[in-house]
Amino acid sequence: MPRVASTEAVLTVDLPAIVANWKDLAARGAPGAVAGVVKADGYGLGAAEVGRALRAAGCRHFFVAQLQEGIDLRAAIGPGPMIAVLGGFRPGEDDDAGLVPVMNSLGDVAAHAGAGRASGVARRAILHVDTGMARLGLDAGELARLSADHGLLAGVDLLYVMTHLACADEASSPMNAAQAARFADACEGLPAARRCFANSSGMFLGPDFASDLSRPGCALYGINPTPDRPNPMRQVVRLDAPVLQVREIPAGIPVGYGATWAAGRPSRVATVAVGYADGYLRSLSSRAVADFRGRPVPLIGRVSMDLTTFDVTDLPEIAAGDRLTLIGGAGCSPDEVAARAGTIGYEVLTSLGARYVRDYLRG
Ligand SMILES: *Cc1c(COP(=O)(O)O)cnc(C)c1O
C-alpha cells in the first residue's frame, strides 16, 4: 500500500481480478488466442501494470491505440509478446520496439510492403478491413483492389486480418451477423491469414464470432460485456475518497455552485475531496450515489472541480476522515456510475484522474 495522506483519494486496482477476467475470456476464446487491449493507459488503470500482470499470466498479444503507447508498453513488458498499434504507424517509427502496425488503408499497405521489399525483410503487419464502422480499415473499393492484386502485399508478413464490430454490445442487432458475413467474404478474397475479430462483447455472441485472436478490452476491467444480462466479469476498480468536513445546515440552505440543491430538512453535508478534475464527471451532479459500508449516500448539488458534496443526514456515524466509495461499491460500479452520468463505463474508467493515489493489489 503506498503512503496515503488523510486528504487523498485512493484508487485501488485489483490486478488478480484483471488476470482472472482474462483467464475467463481466454477459456471462452479457445482454441483461438485472446489478446489484452490496453489502449488509453489500460482503460485508465495503468497499461504498464496491467500489461505486466497479463504477460505473467500468459497473454502473448496486446493491442494499443497509439504508437507511443506501444513503445511504452514494450519498455514495461519486455520483448516477446506481439504489441499491435491500432492506429498504425509509418515503417521505422517504432524504433526498436518491435511493434506491429495495423494497416488501415491501401496507402498503409503500400508503405509497409514497400519498406519490406526495399529491406528484403517482410514487415509483420495486421490488415484491418472495415465491415461496418466507416472509421478505419480498408473500404469496399480498397478491399476489391487488394483482392484482385495480392501482389500489393508482397513485402508484408500478414499476421492477421481483422475487423471491428459496431454493435457487439447489442446482441440482437442485425449489424453483428452482417459484419460476420462481410468479414468472412473479405477473408475469402485475401491471401490466407489468421483472423482477428471479436472485442469483449463480440466474444459473447456465439461461434460465428470466434477467431484465431480475440481482442477484449473493457471486460478485462470489469465492464459488463453483456449489458442486457448480469455482469459475468469480476469488479476491478474501487475509488475511496476522504470526507474533508461534515457540516450541519438548517432547512432551506443551498449547497454548492448554482445553488441547485437546497436542504429540505436540517441536514448534514459531507464534502469529499474528489471532483470533475479527477474524472468524477460533472454530469453526476445530484444523480450519483456513493457507498458507505453498504449503505447508499446520495450526491447533492453540483460536482465541482476538486470537491463533491453528499447528504449524510441519515448516516450520523460519518465524520471527517471517513472514506466514501465513489466507484466500485454497492450501487456505484463503473457501469452504474456511467448510467447515472449518461455515458458508458469505458468513459468513467478512461477519465479516472491523475491525482488519485493508486494502490495495485497483486494477490
Ligand atoms: C477498443 C477496441 C477493442 C476492445 O474493445 P472492448 O469493447 O473494450 O472489448 C477491440 N478492437 C478495437 C479495434 C478497438 O478499438
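My entries below go from the domains to the annotated residues, and then to the pocket and the cavities.

**Entry 1: ground rules**

I am working with a predicted model, in which local features need pLDDT of at least 70 and side-chain atom pairs count only at pLDDT 80 or more, while totals for chains, interfaces and linings use all residues. Residues are numbered from 1 along each chain as its sequence is written, and side-chain values use heavy atoms, with hydrogens and water left out.

**Entry 2: domains**

I found the chain divided into domain 1 (15-221) and domain 2 (237-332); such bounds come from an automatic or database domain assignment. The C-alpha centres of domain 1 and domain 2 are 41 Å apart.

**Entry 3: the "active site" annotation**

Which residues does the "active site" annotation cover? The unreviewed UniProt entry gives Lys39 and Tyr257. I reminded myself that UniProt positions are given in the numbering used here, that feature names are shortened, and that annotations may be inferred rather than shown by experiment. The two residues span 219 residues in sequence and their C-alpha atoms are 35.1 Å apart, so they do not all gather at one spot. Of these residues, Lys39 is included in the lining of the largest pocket.

For pockets and cavities I use a 1 Å grid over the protein atoms alone: a cavity is a set of points where a 1.4 Å probe fits but cannot get out, and a pocket is an open set with protein on both sides within 12 Å along at least five of seven lines. Lining residues have an atom within 4 Å of a point.

I looked at Lys39 next and found it in helix α2 (residues 39-43). Helices (H or I, at least four residues) and strands (E, at least two) are DSSP runs, numbered from the N terminus. Is Lys39 buried, partly exposed or exposed? Lys39 is partly exposed, with a relative accessible area of 27%. The cut-offs are under 20% for buried, over 50% for exposed, and partly exposed in between (1.4 Å probe, protein chains only). Leaving out residues up to four places away in sequence, Lys39 touches Phe63, Val64, Ala65, Glu69 and Leu86; contact means heavy atoms within 4.5 Å.

Tyr257 sits in the loop between β12 (254-255) and β13 (261-262). Tyr257 is exposed at 61% relative accessible area, and it touches Arg302 and Ser304, again not counting residues up to four places away in sequence.

**Entry 4: the "binding site" annotation**

I then checked the feature "binding site", which UniProt (unreviewed entry) places at Arg135 and Met305. These span 171 residues in sequence with C-alpha atoms 33.6 Å apart, so they do not all gather at one spot. Of these residues, Arg135 is included in the lining of the largest pocket.

Arg135 is in the loop between β7 (123-128) and α6 (140-148), and counts as exposed at 58% relative accessibility. Beyond its neighbours within four places in sequence, Arg135 is in contact with Asp130 and His164.

Met305 lies in the loop between β16 (295-300) and β17 (308-311). Met305 is partly exposed, at 42% relative accessible area. Its contacts, leaving aside neighbours within four places in sequence, are Gly275, Tyr276, Ala277, Asp278 and Arg355.

**Entry 5: the largest pocket**

What volume does the largest pocket have? I noted about 770 Å³; a volume is the space filled by probe spheres set on the grid points, which are joined across faces, edges and corners. Of the 35 lining residues, Lys39, Tyr43, His164, Asn199 and Tyr346 are the closest to its centre. The elements that give two or more residues to this lining are α2, α8 (334-341) and α9 (345-350). By class, the pocket lining has 19 nonpolar, eleven polar and five charged residues. Here Ala, Val, Leu, Ile, Met, Phe, Trp, Tyr, Cys and Pro count as nonpolar, Asp, Glu, Lys and Arg as charged, and the others, Gly among them, as polar.

**Entry 6: the cavities**

I counted two cavities of 30 Å³ or more. The largest cavity has a volume of about 50 Å³, and its lining includes Ala168, Asp169, Ser201 and Phe204. The second largest cavity, at about 30 Å³, is lined by six nonpolar, one polar and no charged residues.
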